[in-house]
Amino acid sequence: MTTPHTPRTAVITGAGSPRGIGRATAHALAADGYHIAVVDLDKEAAEDTARHIAASHGVETLALAADVTDAAAVDAAIAQAEAALPPIGALVNNAGITSPVPFLDVTPGEWDRIFDVNVRGSFLVTHRVAAGMAERGFGRIVFLSSVSAERGGGVFGGVAYSAAKAALLGFARALARELGPSGVTANCVAPGLIDTDITQGKLDQDRRDAMTADIPMRRIGDVSDVADVIAFLTRPGSGYITGATYDVNGGSHIH
């Protein structure tokens, strides 16, 4: 039987970037007591995040280099986490890529590239950890969707990105129904414009000012704004919230 104080591990994909939502989420979950497994395509970046989290919060960490679109690599990475850390209690599917390509210019290869990372990657990692969560009667799964999935692009993502992120909304809702009886929740967080490496240098000051003026909170979001919501959804006390989508956009898309 698990309790709120049972040692657990959180697996966070795409958490290598120093200014990314993934690393901020790792800090937030470690502050809540989770041990952290950092999964990233860039091994050195994953190791850097793991070192920072361990030094800042005194939890166990593990850096895992893996391509989330590769089933064998995902299986090997999760197996390492299971062998080295406490049982996995949370998964944050943060790994993702964007694409601003206009629809009429999208090739089948580009479409597949976006869906492979954002959707297939989320499927592979979730499928690998969900059975253990259900068996133990506890799990918190969070998918990183996007405001682009709800409003239909218009920021940095085009049709392929918006469609992939919208797929995660349906994924989470259906998963919530299936795994709820086993004590596993599945939710989405849909960030708006957030100050990360993805947006860094891609907005001139005039466009940045115009976009900020259209946000009721009158600022671009910080990675901690998103990470704090994810941390809330992964807590033991959030066990009656599932199949939900939390918008973190400063009110830029109120619907």
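The model is predicted, with local features needing pLDDT of at least 70, side-chain atom pairs counting only at pLDDT 80 or more, and totals for chains, interfaces and linings using all residues. Residues are numbered from 1 along each chain as its sequence is written, and side-chain values use heavy atoms, with hydrogens and water left out.

Student: Why is Asp70 called partly exposed?
Tutor: Buried means under 20% relative accessible area, exposed means over 50%, and partly exposed lies in between (1.4 Å probe, protein chains only). Asp70 has 35% relative accessibility, so it counts as partly exposed. Its place is the loop between strand E3 (61-65) and helix H3 (71-84).

Student: What makes strand E6 mostly covered?
Tutor: In E6 (residues 184-191), 8 of 8 residues are buried. Val184, Ala186, Cys188 and Ala190 point one way, Thr185, Asn187, Val189 and Pro191 the other way, and all are buried.

Student: How do you know that E6 pairs with strand E7?
Tutor: Two strands pair if DSSP finds at least two bridges between them. E6 and E7 (residues 245-248) have 4 bridges and pair in the parallel sense. Val189 stands opposite Tyr246 in E7.

Student: How many bridges join strand E5 to E6?
Tutor: E5 (residues 139-144) is joined to E6 by 6 bridges, and the two run parallel. Gly139 stands opposite Val184 in E6.
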